[in-house]
Amino acid sequence: MNDLGLIGTVAPQEVARAGRHQRAASKLEGGTVLPLSRDVLDGCILADQALARLVLTLARAVEVPFKPLWSKRTLKDIYQIQTGNLGWEPRRARAFRAALSDQFPASRISGYERYLPQCHNGEAGRHVLACALAARADKIVTYNLHNFCAEQLAPWRGRVLHPDDYLLELYHLFPECVLRELCALAQNASETLGSKVTIEHELAALAPYIPDFARTLIAAVRGDDICPSSEQLAG
């Protein structure tokens, strides 16, 4: 498993091809076309490997039209959270940060600093809001909703979502895709660990952080054999 814990290693041409599909938007059943959503991920979202793995895996799925975004300051926050509260070794945290930059080179937003004077939502969140302004982002995804009160967000007009709500929205829009990617994550973990990992194991690991999403997906899969075989995933 690579440093992000994502599925396999995606070649540059495959990333570019997926990007072209995403920029062309996505079509729901019934013909509704969704434009590409530019979504800023706070450091607290990316610091946890299990949650980051799911969100970034979905970002690579061509059916899901969103582009994950962050800043250099976010990468610093991720390192501090991982080596502080999460107790990671510095070497592991540096490798994770390097993998983010290598695998998602277009996600890092520069020039956000010039927007900082316009951001009045406190020191902990102003760089995230400035990144959203610089990127013309549609959403900010964060646990720290208290840092983004509605009256403090102007001139930005996007939405601020807890990751639980964010992932539930993606599931309701793209249920088959989300279930497929969870199944693939479980199979990848099984191959890495050498023991059976089910989609329910994956969701149980996520439940402390995104309980409603985990509960909804467990209810959707319990009693049903929805995961494809190894041959189907490989195809």
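Of the 235 residues in the protein chain, 46% count as buried. The model is a predicted one. Its accessible surface comes to about 11,900 Å². Carbon and sulfur atoms account for 51% of that area.

The fold is built from 11 helices and seven strands. Contacts show how the chain is joined up. Take those between residues at least 6 apart in sequence: 66% of them join residues at least 24 apart.

Now turn to the charged side chains. Side chains of opposite charge can pair when their charged atoms come close. The structure holds eight salt bridges. Three of these pairs are followed below.

Start with glutamate 202, which forms a salt bridge with arginine 53. The closest N and O atoms are 2.4 Å apart. What does this pair tie together? Glutamate 202 sits in helix H9, residues 199-206, and arginine 53 in helix H3, residues 49-60, so the bridge ties together parts that are 149 residues apart in sequence. Are the two partners buried or exposed? Both glutamate 202 and arginine 53 are buried. The cut-off for that class is under 20% relative accessible area.

Next comes a pair of sequence neighbours. Glutamate 181 and arginine 180 meet through their side chains in a salt bridge, at 2.7 Å from N to O. The partners fall into separate accessibility classes. Glutamate 181 has 11% relative accessibility, so this residue counts as buried. Arginine 180 has 32%, so this residue counts as partly exposed. The pair also belongs to a wider arrangement. Which residues are linked in a network of salt bridges? They are Glu63, Arg180 and Glu181.

Arginine 215 forms a salt bridge with aspartate 212, and the closest N and O atoms are 2.7 Å apart. Both residues lie in helix H10, which covers residues 211-221. They are three residues apart, about one turn of the helix. How accessible are they? Arginine 215 reaches 52% relative accessibility and therefore counts as exposed; the class begins over 50%. Aspartate 212 stands at 33%, so this residue counts as partly exposed.

The bridge from glutamate 202 to arginine 53 joins helices H9 and H3, with both partners buried. Arginine 180 and glutamate 181 take part in a network with Glu63.

Definitions and conventions. Residues are numbered from 1 along each chain as its sequence is written. This is a predicted model: local features need pLDDT of at least 70, side-chain atom pairs count only at pLDDT 80 or more; totals for chains, interfaces and linings use all residues. Side-chain values use heavy atoms; hydrogens and water are left out. A salt bridge is a side-chain nitrogen of Lys or Arg within 4 Å of a carboxyl oxygen of Asp or Glu. Helices (H or I, at least four residues) and strands (E, at least two) are DSSP runs, numbered from the N terminus. Buried means under 20% relative accessible area, exposed over 50%, partly exposed in between (1.4 Å probe, protein chains only). Contact means heavy atoms within 4.5 Å. Accessible areas come from the Shrake-Rupley method with a 1.4 Å probe; for residues, only the protein chains shown count as cover.
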